[in-house]
Amino acid sequence: MSITVTTAPVRDTAVALPPQYPITLTINGVEKHLEVAPWTSILDLLREYLDLTGTKKGCDHGQCGTCTILLNGTRINSCLTLAVMQDGSEITTIEGLAQGDELHPLQAAFIEHDAFQCGYCTPGQLCSAVGLIKEGKAKTADDIRELMSGNICRCGAYIGIVAAVEEVMHQQQVQAPTYAI
Amino acid sequence: MNSFTYTRADAVDTAVRETAADHAAKFIAGGTNILDLMKENVERPDHLVDITRLPLRQIETLPDGGLRLGALMTNANTAYHPEVAQRYPLLSKTILAGATAQLRNMATDAGNLLQRTRCYYFYDTATPCNKREPGSGCSAVGGYNRIHAILGASENCIATHPSDMAVALAALEAVVNVTGPDGERRIKLEDFHRLPGDEPQYDTTLRTGELITSIDLPAQGFAEHYTYLKLRDRASYAFALVSVAVGLELDGDTIRQARIALGGVAHKPWRKPEAEVLLAGQPATKENFQKVAEALVQGAKGYSSNTFKIELAKRAVVRALQMAVDKQHPSYPL
């Protein structure tokens with residue numbers, strides 16, 4: 001009896017090690033000098049290399065919003081942003097919202113309004129809400145619902161989330177930032 | 001995601017040269033669509049040229065009274081820019097009807113035009129798709145095709161272009177400025193995207209290495225009588241099943257000029273000037289709107305799951321025209 005063995009084709013060349021690119025990021029006020037492979041997303045950088053696991057990975061495709069962070073003060077999906085492209089940027093994550101032991105007003109309002117159940121989407125909801133209030137476009141609860149539609153909550157805590165954001169939004173009465181590109 | 005190398009461009013001509021020389025290289029700016037596709041192995045560039053540091057973020061008034069939007073302006077900065085919001089509210093509201101706040105904060109205007117179809121089979125590398133792999137076949141024609149095209153499709157591809165912004169730009173008759181290895185050229189928006197024919201792998205008429213540098217809006221912005229009606233499976237953060245961008249110029253109850261573009265129905269924003277002229281000089285009545293709606297979707301073909309779109313598109317056109325007359329605008333906060 002003979003056995004035929006088929007082997008996978010051998011590559012002509014070895015797979016090259018990933019190139020590394022030096023970047024500087026200021027994360028929650030701390031300047032970091034890093035070397036990253038070009039495909040490293042901000043999300044993976046935070047979670048896998050910097051032990052900042054508060055930012056969550058949900059879909060990894062920009063559909064769920066749980067990876068939302070503030071990049072130079074603007075809310076974005078960290079899963080769809082390459083770290084190498086953000087050299088020189090400032091990043092705020094959920095770990096950077098509280099001042100010491102004092103919770104950010106939105107964090108306190110989320111507790112007050114029972115705005116979460118499992119909590120997995122909460123870091124993204126909070127960073128997104130910080131961005132929303134800073135943008136200054138939302139005026140009503142309907143506006144909040146529309147402008148928070150990039151943050152999915154599978155537990156369905158939306159009623160509490162909208163109430164918490166609305167309360168802080170009206171408290172802060174933040175003036176819309178002057179326009180800058 | 002496959003491995004790739006990366007460079008950051010500091011000038012338009014070097015970015016163009018670098019990409020023209022390497023057919024597997026791609027530009028990256030906002031990244032919200034290309035990174036999504038790279039994670040799915042649908043896009044497999046061997047090199048990315050980061051264009052975000054190029055000086056293409058400005059907005060400027062043109063001598064003819066139009067407005068030039070730098071290619072790298074984000075969708076959010078465009079929608080909320082006071083001059084766009086005031087003079088081109090159709091564009092502002094249309095942008096805000098798409099995606100999410102987070103995505104609009106990253107996505108650029110040029111990138112919005114270049115986003116790929118959300119056809120399920122294009123995204124699923126386990127299935128044949130002529131757009132992803134020319135010659136492999138179209139899984140959507142005999143498959144599940146609820147979101148697919150009813151106009152201008154071919155047996156090779158029934159994908160739709162997913163952009164909302166492009167639909168408003170079509171109604172506004174915008175012009176796309178590009179720089180390539182052979183110099184600069186201007187492409188009318190209606191000629192920028194193409195129908196699939198037998199080469200569905202090409203979404204646009206851009207040539208290798210060409211980079212969008214800006215988008216020009218003509219002076220006429222239809223700031224009074226306009227609307228963007230977007231019909232979709234949920235109220236926010238969903239692609240259009242059918243959408244309609246309308247701009248009207250009215251003289252009392254008489255229509256002087258009408259622009260109508262449909263989204264979600266074809267491989268490109270669907271315009272038909274010969275249908276629009278049916279309204280010129282006519283009173284703004286439901287009967288006249290119905291005539292135009294019939295003319296706009298004439299020749300439409302359903303592929304089973306999406307056949308409902310033919311009637312939906314007609315009704316949407318009639319409703320959108322009435323909304324534009326009545327100044328019923330989308331309620332997104334500006």
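**Figure 1. How α2(A) passes α3(A).** In this predicted model, α2(A) passes α3(A) in a right-handed crossing (left-handed if the near helix is turned anticlockwise from the far one by less than a right angle, right-handed if clockwise). The two helices, α2 (residues 105-112) and α3 (residues 122-135) of chain A, have axes that come within 10 Å and cross at roughly 125°. Axes here are lines fitted to C-alpha atoms, for helices over the stretch in contact, with angles running from 0 to 180 degrees between N-to-C directions. From α2(A), the contact takes A:Leu106, A:Gln107 and A:Phe110, and from α3(A) it takes A:Thr122, A:Leu126, A:Ala129 and A:Val130 (in contact means C-beta atoms, placed from the backbone, within 7 Å). Sorted by class, that is 5 nonpolar, 2 polar and no charged residues. Ala, Val, Leu, Ile, Met, Phe, Trp, Tyr, Cys and Pro count as nonpolar, Asp, Glu, Lys and Arg as charged, and the others, Gly among them, as polar.

**Figure 2. Chain A, element by element.** Chain A has 5 helices and 5 strands, in the order β-β-α-β-β-β-α-α-α-α from the N terminus on. Helices (H or I, at least four residues) and strands (E, at least two) are DSSP runs, numbered from the N terminus. Of its 181 residues, 41% count as buried (20 or more other C-beta atoms within 10 Å of a residue's own; exposed means 12 or fewer, partly exposed in between, with C-beta atoms placed from the backbone).

**Figure 3. Where chain B touches chain A.** The contact takes 28 residues from chain B and 32 residues from chain A. On the chain B side, β1 (5-8), α2 (34-39), β3 (47-50) and α6 (101-106) each give two or more residues. The most come from α6(B), with 5 residues. By class, this side has 13 nonpolar, 11 polar and 4 charged residues.

**Figure 4. The buried face of α12(B).** In helix α12 (residues 286-296) of chain B, the buried residues are B:Phe289, B:Val292, B:Ala293 and B:Leu296. Seen down the helix axis, they fall within an arc of 105°, so they line one face of α12(B); the arc is that of the directions from the axis to the C-beta atoms. They pack against β11 (254-263), α11 (273-276) and α13 (308-325) of chain B.

**Notes.** Residues are numbered from 1 along each chain as its sequence is written, while chains are lettered from A and ligands numbered from 1 in the order in which they are written. As the model is predicted, local features need pLDDT of at least 70 and side-chain atom pairs count only at pLDDT 80 or more, whereas totals for chains, interfaces and linings use all residues.

Terms used. Two residues are in contact if their C-beta atoms, placed from the backbone, lie within 7 Å.
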